[in-house]
Amino acid sequence: MHLQVMSSISYSMSKANESEWILNSGAIEHVISNSHLYSSCRQTSHIIVKLPTGHIVTTTYACTVRFSHSLYLEDVLYIPSFQFNVISISKFIVFLAM
């Protein structure tokens, strides 16, 4: 797992490596773009997401991503058209506090 720390992904970048993760303090949700990263996925109602580019996309999948037995992310939005895998720092901190 590769982690890249940044405060915002609103600037233009080429598509990240499929296994790289960006830690984003401004993101509200965790997001994956690579279907090989999740261990399970469930269909949800339509969730509308505004991307840093300003584009609006809809996703219907919330996934679990496992890094190890004890470290995982739940309710990760699967958006194949997105260019990055993002960990929301605020959402991750709430998870760790539980």
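Student: What percentage of the 98 residues in the protein chain is buried?
Tutor: Keep in mind that this is a predicted model, where local features need pLDDT of at least 70, side-chain atom pairs count only at pLDDT 80 or more, and totals for chains, interfaces and linings use all residues. Residues are numbered from 1 along each chain as its sequence is written, and side-chain values use heavy atoms, with hydrogens and water left out. Buried means under 20% relative accessible area, exposed over 50%, partly exposed in between (1.4 Å probe, protein chains only). For the 98 residues here, the buried share is 35%.

Student: Which pattern does the protein chain follow along the sequence?
Tutor: Helices (H or I, at least four residues) and strands (E, at least two) are DSSP runs, numbered from the N terminus. The chain has one helix and seven strands. Read in sequence order, that gives β-β-β-β-β-β-β-α.

Student: How many residues are in the largest nonpolar core?
Tutor: A nonpolar core is a set of buried Ala, Val, Leu, Ile, Met, Phe, Trp, Tyr and Cys residues joined through side-chain atoms within 4.5 Å. Members of the largest one include Val49, Leu77 and Phe84. Its residue count is eleven.

Student: Is Thr64 buried or exposed?
Tutor: Thr64 sits in strand 5 (residues 56-66). Leaving out residues up to four places away in sequence, Thr64 touches Tyr38, Ser39, Ser40, Tyr72, Leu73 and Glu74, where contact means heavy atoms within 4.5 Å. Its relative accessible area is 17%, so Thr64 counts as buried.
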